[in-house]
Amino acid sequence: MTHHVVPIRIYLLVFAALILLTAATVIGSLYDLGGGRLHYANAVVAITIAMTKATLVVLYFMHVRYSNRLIWVFVGAGALWMAILLVLLMADFLTRSWLPIATWGG
Amino acid sequence: MPEKPSAHAHQFETAEQQYETSTLGMWAFLITEIMFFGGLFAGFIVYVSFYAEGFAVGSRHLDLTLGTVNTAVLLGSSLTMAMAVRSAQLGRRNRLLLFLAFTLALGFVFLGIKSVEYSHKFHEHLVPGPNFHVDSPLTQNVQLFFSFYFAMTGMHALHMVVGAGLLTWLMVGAARGRFSSEYFTPVEVTGLYWHFVDIVWIFLFPTLYLVARHQ
């Protein structure tokens with residue numbers, strides 16, 4: 001069988017990046033990144049860092065970068081359905097207060 | 001004596017096809033797991049948008065230091081797991097056993113730190129139920145946060161325990177010489193599971209521990 005053997009150096013670089021991103025997300029969480037005005041700035045930064053870390057794990061530790069196209073389709077489908085779950089859900093809940101209907105209040 | 005590892009089972013054309021079938025099957029399972037944890041995350045996000053202040057109080061009661069250390073421990077265990085799979089690919093049995101043992105040890109460190117955190121929460125009356133107590137006018141909302149905290153980290157810890165069982169099973173197989181550079185599918189597939197559990201924690205950590213530190 002022919003399998004892509006990932007060099008140790010790549011694994012160590014990915015691990016170093018994961019640790020640095022963890023440090024960045026912890027330190028970043030201690031400050032108000034929106035400067036008191038942008039309400040969701042901290043959440044956006046934290047989610048972006050978490051998604052970057054997850055992508056690194058999926059591509060390198062889980063070998064998706066070196067896998068066949070069918071694996072890519074499955075992984076992409078998982079991410080897409082997760083996005084549908086969260087985006088459509090919040091498109092509902094976050095916009096309820098836009099209409100003046102008392103019983104719709106969140 | 002265990003039978004000599006065969007290249008592939010009779011229903012497959014090649015060992016390569018068998019390997020791809022197994023990894024694809026594991027990915028299909030992991031996607032159902034994404035949907036399972038996704039439901040918990042979706043519920044959390046809805047309620048944190050309703051009760052932001054109460055959830056902020058709850059989040060600040062979590063131990064940031066222990067949470068950060070545990071994140072590093074779990075990321076380290078993913079590195080050793082990736083190294084275990086690599087050792088299996090290259091047919092290095094002793095290194096495979098060594099890295100599986102490292103991964104298992106780091107998994108137990110994670111569960112140990114988690115149990116210390118749980119123990120603190122019990123002593124501080126932060127476990128939802130009749131003895132729940134927090135100095136806040138938003139007690140009910142804080143209690144809801146801790147319901148999510150225990151459900152989500154508890155489910156994650158349960159997956160870690162299952163992973164520890166799988167690692168033990170792999171170590172027995174590796175010690176008996178069940179794996180070779182020709183056949184290491186169980187190591188690869190368990191690796192996928194272990195990394196998935198790591199990814200769940202990568203999202204749980206900021207969601208639960210970091211959500212309100214800046215306020």
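## Crossing of α3(B) and α6(B)

A crossing of two helices is called left-handed if the near helix is turned anticlockwise from the far one by less than a right angle, and right-handed if it is turned clockwise. The crossing of α3(B) and α6(B) is left-handed in this predicted model, where local features need pLDDT of at least 70, side-chain atom pairs count only at pLDDT 80 or more, and totals for chains, interfaces and linings use all residues. Residues are numbered from 1 along each chain as its sequence is written, while chains are lettered from A and ligands numbered from 1 in the order in which they are written.

The axes of α3(B) and α6(B) come within 10 Å and cross at roughly 165°, the axes being lines fitted to C-alpha atoms, for helices over the stretch in contact, with angles that run from 0 to 180 degrees between N-to-C directions. The two helices α3(B) and α6(B) are therefore roughly antiparallel, a term for angles over 145 degrees. Among the residues that make this contact are Leu74(B), Met81(B) and Val85(B) of α3(B), together with Trp194(B), Trp201(B) and Phe205(B) of α6(B); contact here requires C-beta atoms, placed from the backbone, to lie within 7 Å. By class, the contact of α3(B) with α6(B) has 13 nonpolar, five polar and two charged residues, where Ala, Val, Leu, Ile, Met, Phe, Trp, Tyr, Cys and Pro count as nonpolar, Asp, Glu, Lys and Arg as charged, and the others, Gly among them, as polar.

## Interface between the chains

In the interface, 39 residues of chain B are in contact with 39 residues of chain A. On the side of chain B that touches chain A, α1 (15–50), α3 (64–89) and α6 (185–209) each supply at least two residues, and the largest share, 17 residues, comes from α1(B). That side of chain B divides into 24 nonpolar, nine polar and six charged residues.

The axes of α2(A), residues 41–61, and α6(B) come within 9 Å and cross at roughly 170°, which makes α2(A) roughly antiparallel to α6(B). Residues of this contact include Ala50(A), Val57(A) and Phe61(A) of α2(A), and Ile199(B), Ile202(B) and Phe203(B) of α6(B).

## Chain A

Chain A has three helices and zero strands, helices being DSSP runs of H or I of at least four residues and strands runs of E of at least two, numbered from the N terminus. The C-alpha trace of chain A spans about 65 × 35 × 15 Å along its principal axes.

Notes:
Contact = placed C-beta atoms within 7 Å. Parallel < 35°, antiparallel > 145°, perpendicular 65-115°, else oblique.
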